[in-house]
Every structure is written in C-alpha cells, then in structure tokens.
Amino acid sequence: MNTTHGLRRALQINPNGLATVFGGRRRNWREVGERVARLASGLRALGANPSDRVAILSLNSDRYLELYLATSWAGAVIVPLNIRWSPLENEDAMRDCRANVLVVDKAFAATGAELAKALPGLKLVYADDGDAPAGTESYEALLAASAPIPDAMRTAADLAGIFYTGGTTGRSKGVMLSHGNLMANALNALGEGLFPSTAVYLHAAPMFHLANGAAMYSLLLSGGSNVMIQSFTPEGVMAVVQNERVTDVLLVPTMIQMLVDHPALASHDMSSLRNLVYGASPISEAVLDRATKALPNAQFTQAYGMTELSPIATLLHWKEHIGEARAKGRHRAAGRATLGCEVRIVDTDDKPVAFGTVGEIVVRGDNVMMGYWERPEETARAVIDGWMHTGDGGYMDENGFVFVVDRVKDMIISGGENVYSVEVENAVSQHPAVAQCAVVGIPDERWGEQVHAVVVLKSGAQVSANELIEFCKTLIAGYKCPRSVDLRDSPLPLSGAGKVLKRELRKPFWENRERRVS
C-alpha cells in the first residue's frame, strides 16, 4: 500500500462524497482527485522528479491536503516545515533535505522569498487565493495548465515524507517515513475504531505535524470528510464544530485547556463532537476533568507516540477514562500497545524490566521509521534490533497499560531522588487558580537540581508561590514538590505542535554551566 491508496479507493467507491471543507469552499473526492493528478503533473514540470523533496510552509488549508497527496502521486517526497520555526531554522531544514520546490501561502510568502534568495534554484509555488507574488508560481495556475498524470504507484518501501522533529530537546532531525510506515499506522488506528468513514474530522492541529497527520492518513483510507481551519483558536474551533457538525478532532492538551476554559464555549453547540483524541504531550487530570465535563458527548482517547513511530504506539480508549477503570487510575495511563505495535520497558542494558519498574519505553512494529535523514549513527542509536528507543521513561502494569512518567531528559534528579516532572505538573495543575504549568529542574548547589514550577494563572485568579508549594505537599511527597515557583501572566513557550518548550524554560538557569545531572 501507499499513501495515495485511499484517494484511489474513494474515487472508486465514493466519488461524490464530501472530501474537503475550507471556509466556503467544498469539494468532493472526484474534484480532489482531478486536482491532485494535475498538481502532481505541475510539480513534475517544476523539476520535482520521483524521490525529490517538495517542502511546504503554510497554515492549514484544503490545498495542504492536496499537496500531501499530489507529492506522493508524483512519486516525490513531502517535507512539511514547522510554522513556528524561525526562517533560519527552516533554511537549515531546507538545506538538510535539499528540497527543490517550496510551497507557501500568504502568511509565509515573504519567508519563502528569503529562502529562495538563500537557496539558488529553489522553485516557489504560491498556494493561496489572489495573485501570486513576483517570483512565485500560482498554485491554481499551475494546476490549470497541467494535464493530469497517472499515479506513480510508489511501493511500501519507498520514502514518503521527511518530518522534522520539534526540536524540544535539541537540533531537529529529519525523520524518514515510508509509505508502508504511514499506512501501517493508519490501518492500526482504523482497526482500533478511530477516524471511521462517517467522521467529519476537523484539522485544527497544525497540518505540518504528524499528530494531525495520523488522523489525516487514516481519514484518507476510510474516506471520511476533512474540515480545515487555518490555525487553532478556541473561537475558530467552536464555530466550525457548530456550523459543520464536526464529529472528530485531535487536539493537544494546551489546545484543550484553552478551549474548555473559554467563556464562549457555553454559547456554542458542540453536541456533534463524538470523538476527541489527545496527545503529543501529557494532560493534567485537572484539565482532563474540566474537558470531559464541558464536552459531555465526546469520548476522549489518548494517543501516545512520536514522529519516529508514524506516530502512534499506544492508545487509551475512552472507557478507560471513566467508571471502574478510572477508579483503578487507568485514566493516568498512556494506554496499551495499539494494533500492530509491540511495547516494552527496558533498563540501560536494553533488558526488559519487571512490571511497575520505571525504564525506557521502546516500540517495535511496521510503523517504526526508516531512520533519520542522512544520520546513520543517530539512527543506529535510536533503533536497535528493530526497537525504537523513545527517550521516554515509563512503566507497564501487569495488564499491559503503559504509564509515561517523563521524557528521560526532563527527569529531575534532586538529592539522588528521581523526580518526574509530569507527576509534579499534575499536582500543581489541580489548584483551581492554575491555567498552565510546566516543571523543570534548575541548578542547586546542595541537591544538584531543584524542582522549579513555571505557572500561568487563570484570568483574575490569585495565589502565592508558597500557597502553591503547600498545596502540592497535600498531594505528593515533599521532595517532589516545587522549591521555587515562577508566576507568569504570559503563556508558556510552545513548539509548533503545541508542546511546552522546556529547554527554553531551563535555558536561563543553565547557561554557562555544566550540568551535573543528565
């Protein structure tokens, strides 16, 4: 199978079905299929031959989905660029993968022009409404002038995309995912009951990120409908769920928190929302409780994984969030290995550990990446005997539920004790005044590291640092509690995928120091 299989199937069995909705623009699968075949021809004319890289720097749109399909239809390789990165970071990725075509929208046309100056020979395509700026090819004109071509019919072993990691812990790497990787993940998700053909799915998470891509590729196989908004805002999500009767959405926890805490939520009809998948970073119990109360018709499913896994490794289904399962604490888990995946917990010698013992989470399956683009040594360190080493610390219970305790690099070692930031964040977030929280380790001459919380309060709420620390002592052991708290009015720094950039929070404390713990 390849990533265009779903489009070919939709053209055969449901050509008149609703494929995409963006603003006032609605297209069926027959229209999308025609446009994809023409766009693939246009990309070939610009020099994007089989296995060449085609990059895109754009907000969400229906054209973004078309480009995913058309690049594969042409036999080329898609490279979605991070919309939150600086121009220099995206230039670094472009030089790394040597893309010869870059597609931009209005929001990134100026950045595209600068990249074209820095990268001789780069062809620019303008994928937005209105006239194309000087020096760029109009997406619509290119499509109109190109005759449709047959699908290149790439194989499962062929490279489909290079997805750059978020860079939350260091310089970004290009993750190579094959057509087989992406289709294995899509089929795994469909087998678990996610994203069926009846879904009206909202692309609210950024389309460059594979968290959204997991849903997109499954929807392309099942033939469900795709509704896009340019970028996430609580108001935008509320409006489109109400107007388009959206049934399914994937949101990261920061988006969920912003949505359910928004005062306008009560005035919108969200009753059509049936399935809400969350992932990409941990969610606090407090936010989860507020969300399930605010969206009572929605079934919440947690997906845990990473780009290198195409991206899903485990799923925690909605039934594990409620009733007896919740009483057992399973709502705190990341779920169990999804169909097609094996998961285990290993020690530093790569040996499996006993149930309940914290180690590194490793995953094996057809969804494991081909490797890091032109970084064989890093690939060899990450994938050992077929097992992807996630860099996440966690444990597994006797029923196979995986509990993620921290990124290995985010674990705090204070006085010889391991402190998992996720556990502390969960405690801090239960205070009614707290909107957002991130916990990091900062230098301490006596203990090596001390627990430091960065807290954003809810509008109009007040609480002191000491009050928060004392509150935490009622929930977790004293050595785990924050010793210092930074109260902020501004939001926490986020990656393009909505993950908190803890390295940015740690940076002021660790500059010009050699870390005494890892």
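Three strands form an open sheet in the order E25-E26-E27, with mixed pairing; here strands, of at least two residues (E), and helices, of at least four (H or I), are DSSP runs numbered from the N terminus, and two strands count as paired if DSSP finds at least two bridges between them. From one strand to the next the twist averages 25°. The model is a predicted one, in which local features need pLDDT of at least 70 and side-chain atom pairs count only at pLDDT 80 or more, while totals for chains, interfaces and linings use all residues. Residues are numbered from 1 along each chain as its sequence is written, and side-chain values use heavy atoms, with hydrogens and water left out.

E26 and E27 run parallel and are joined by 5 bridges; His-452 has Ser-484 of E27 as its bridge partner. Helix H15 (residues 465-473) packs on this sheet, touching E25, E26 and E27, and its direction makes about 125° with that of E27. Helix H14 (residues 421-429) lies across E25 and E26 and runs at about 140° to E25. Contact in these descriptions means heavy atoms within 4.5 Å; axes are lines fitted to C-alpha atoms, for helices over the stretch in contact, and angles run from 0 to 180 degrees between N-to-C directions.

Strands E25 and E26 also contribute to a pocket. The second largest pocket holds about 300 Å³ of space. Of its 13 lining residues, Gln-257, Met-258, Ala-435, Gln-436 and Val-456 are the closest to the centre. At least two lining residues come from each of helix H10 (253-260), strand E25 (434-444) and strand E26 (448-457). The lining comprises 7 nonpolar, 3 polar and 3 charged residues, where Ala, Val, Leu, Ile, Met, Phe, Trp, Tyr, Cys and Pro count as nonpolar, Asp, Glu, Lys and Arg as charged, and the others, Gly among them, as polar. On a 1 Å grid over the protein atoms alone, a pocket is an open set of points with protein on both sides within 12 Å along at least five of seven lines, a cavity is a set where a 1.4 Å probe fits but cannot get out, and lining residues have an atom within 4 Å of a point. Grid points are joined across faces, edges and corners, and a volume is the space filled by probe spheres set on the points.

A search of the whole structure finds 4 cavities of 30 Å³ or more. The largest cavity has a volume of about 80 Å³. Among the 10 residues that line the largest cavity, Tyr-164, Phe-208, His-209, Leu-210 and Thr-307 are the closest to its centre. Its lining has 5 nonpolar and 5 polar residues, and no charged ones.

A further open sheet, of 9 strands with mixed pairing, has the order E2-E1-E11-E10-E12-E13-E14-E15-E16. Its edge strands, strand E2 (25-28) and strand E16 (336-337), each pair on one side only. Strand E10 (residues 200-203) and strand E12 (residues 248-251) run parallel and are joined by 2 bridges, and Leu-202 is partnered by Val-249 of E12. Helix H2 (residues 29-45) packs on the sheet, touching strand E1 (18-22), E2 and strand E11 (225-228), with its direction at about 90° to that of E2. Helix H8 (residues 210-222) lies across E10, E11, E12 and E15 and runs at about 150° to E10.

Strand E21 (residues 387-396) and strand E22 (residues 402-407) run antiparallel, with 5 bridges joining them; Met-396 has Val-402 of E22 as its bridge partner. The hairpin of E21 and E22 has 5 residues between the strands, and Gly-400 there takes a positive phi near 85°.

Most residues other than glycine have a negative phi, and most peptide bonds are trans. Arg-98, a residue other than glycine, has a positive phi near 60° and lies in the loop between helix H4 (87-97) and strand E5 (101-104). Ser-310 and Pro-311 are joined by a cis peptide bond with omega about 0°; Pro-311 belongs to the loop between strand E14 (299-305) and strand E15 (312-316).

The structure holds 29 salt bridges, defined by a side-chain nitrogen of Lys or Arg within 4 Å of a carboxyl oxygen of Asp or Glu.
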